[in-house]
Every structure is written in C-alpha cells, then in structure tokens.
Amino acid sequence: MSSSLCDTIWLSEKRKNLLLLLMEGPRDIEQIKTSLNVNSKAMMPQIKILNKQGLILQNGNTYELSDIGTLVVGNMLPLLNTLEVIEENKEYWASRDVSAIPHNLFMRLGELGECMVIEPDLNHLFDLPREFTENIMKSRSILSSLSYYHPLYPSLYSKLAKSKAEVELVLTESVFERLKNETPDELRSLLESENTTVMVCEESLNIPTIAVTDRFMYLCLFDRQGKYDHRKVMSFDESALCWGRELFKHYKKSARKVTDI
C-alpha cells in the first residue's frame with residue numbers, strides 16, 4: 001500500500017498540488033480549478049484516484065483531506081520545503097561547510113523558506129550588502145553573532161544601540177579585542193547602552209555571521225575549504241526568523257556577558 005501511495009502522490013503534479021491546496025482547507029471544484037489553473041476534465045480523474053486511496057473525502061460539493069491525507073501531507077511539506085530551498089540555490093548549498101549548523105536545525109533547512117543568496121559585487125566586495133544594512137537599520141530587535149571583524153560593524157551596531165533597538169551581540173574573543181583596541185568609543189557605547197547586551201564566546205563560532213531581526217534572517221557560512229567568499233543567505237519568511245533565533249541561541253549558550261572594557 002505504501003508503494004501505491006507514493007506513486008499516487010509523487011507521479012502526478014496535479015494530485016500533489018491538489019493535496020497541498022486542500023491542506024489549507026476544503027475546496028469545491030470551481031475553487032480547485034481556479035487555484036490550480038486546470039479544467040474539470042483534467043482534474044476529476046485525479047480526484048477519483050485520491051478519493052479511492054483514502055487521501056481525500058467528498059462532502060457534498062466540496063473536497064477535503066481525510067485524516068490519513070492530513071497526516072501524509074503534513075509530512076510531505078517539510079521535504080518539499082527543503083527541496084525548494086536547495087533547488088533555488090543548489091550550487092551554494094553544495095559548496096557550504098554546514099557542520100557549524102546543529103544537526104536538528106540542518107534537518108529543518110526547509111524552514112528558511114524563500115531565501116536568496118547575496119552574491120558579492122566585485123566593485124564593492126568589502127562593503128556590507130545593501131539588503132542587510134537597509135533592513136537592519138529598520139529593525140527593532142537584533143540578535144547577531146560575529147566571528148570575524150568587519151570595519152563597518154562598529155559604527156553600524158553603535159548606531160543601532162543609539163536608535164533604541166534591542167540588540168544582543170555574541171562576539172569571539174578576537175573580534176572583541178579588535179573592537180577594544182581599534183574602536184573603543186563604539187564598543188563603550190554598546191556596553192553603556194541599556195538596550196544592548198554584549199557577550200563574548202571563548203570557543204570558535206565556526207560561522208562568520210548570524211543576524212536575526214524582527215524583519216529578516218541573515219547567514220554567512222564558510223565554504224567547504226574553510227574560506228570566506230562573501231556570499232550570504234537572507235530570508236524574510238517568519239519560519240526563517242524562528243530558525244535563525246534557534247541558531248543564535250545555540251551559540252549564545254557558550255558566551256559570557258561583558259559589561260566593561
């Protein structure tokens with residue numbers, strides 16, 4: 001039966017799309033035709049197959065998922081979401097060192113949703129991406145983990161602290177030392193801000209940058225050779241924000257709070 005169910009679901013795009021549509025709630029045939037851009041002649045045979053397999057039920061003029069259908073589609077969604085994330089940027093994910101992502105979060109990579117890879121502009125290779133700077137300045141809550149020093153970070157995060165945004169920063173020892181030695185005024189403004197928490201992690205973070213705000217999730221990973229190639233992933237999906245917060249908390253656990261230089 002499992003083999004038959006697999007064939008029923010995966011060998012027809014129309015059947016798969018109908019199951020996903022009905023996950024949102026019951027639909028009549030006219031709603032199905034409009035949502036899936038199909039006609040009755042094409043759709044009715046697929047409905048009969050799904051009904052025969054016990055995946056959907058007919059209630060008057062409407063169709064809905066059965067209990068088994070709800071179970072099956074609920075387990076389909078994480079796989080489909082994962083495939084979509086990887087398919088959109090296959091080369092990027094194939095070339096990343098993902099060992100720094102905890103296994104449970106890596107297995108939920110599909111939660112990144114509709115994410116984009118920000119490619120470096122050779123003329124602005126050492127600038128922070130516009131997509132990042134514009135959105136972070138509009139954010140009111142920022143969680144950020146930094147394991148490498150960027151000369152624009154001190155002024156950026158100092159501005160955020162002064163803007164009354166809630167900021168939590170996790171830094172490596174080396175980043176903290178550079179801030180202390182090269183930009184002590186900006187570091188002092190961070191430490192003195194009532195809305196900013198600065199923490200230092202003695203262990204290697206293994207991820208160049210994590211930033212999660214109330215607007216977006218931003219992630220930078222090393223490539224498989226351990227090199228930083230300036231490519232970042234960014235997503236505005238709510239599920240990606242939740243995923244990013246969990247990743248930040250994972251690294252925050254091993255950090256200590258710093259209150260003065």
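Helices (H or I, at least four residues) and strands (E, at least two) are DSSP runs, numbered from the N terminus. This is a predicted model, in which local features need pLDDT of at least 70, side-chain atom pairs count only at pLDDT 80 or more, and totals for chains, interfaces and linings use all residues. Residues are numbered from 1 along each chain as its sequence is written, and side-chain values use heavy atoms, with hydrogens and water left out.

**View 1. Leu-83 sits in helix α5 (residues 67-88).** Its relative accessibility is 45%, so Leu-83 counts as partly exposed (buried means under 20% relative accessible area, exposed over 50%, partly exposed in between; 1.4 Å probe, protein chains only).

**View 2. Tyr-148 and Tyr-153 form an edge-to-face pair.** The structure holds seven aromatic pairs (rings of Phe, Tyr and Trp, the last by its six-membered ring, pair if their centres lie within 6.5 Å; planes under 30 degrees apart count as stacked, over 60 as edge-to-face and the rest as tilted). In this one, the ring centres are 6.0 Å apart and the planes stand at 65 degrees. Tyr-153 is buried, at 5% relative accessibility.

**View 3. Tyr-148 and Tyr-228 form a tilted pair.** Their ring centres lie 4.8 Å apart, with the planes at 45 degrees. The pair links distant parts of the chain, 80 residues apart. Tyr-148 is in the loop between β5 (141-146) and α9 (153-162). Tyr-228 is in the loop between β9 (217-220) and β10 (232-235). Tyr-228 is partly exposed, with a relative accessible area of 23%.

**View 4. Ring pairs build a cluster.** The linked residues are Phe-132, Phe-216, Tyr-218 and Phe-236.
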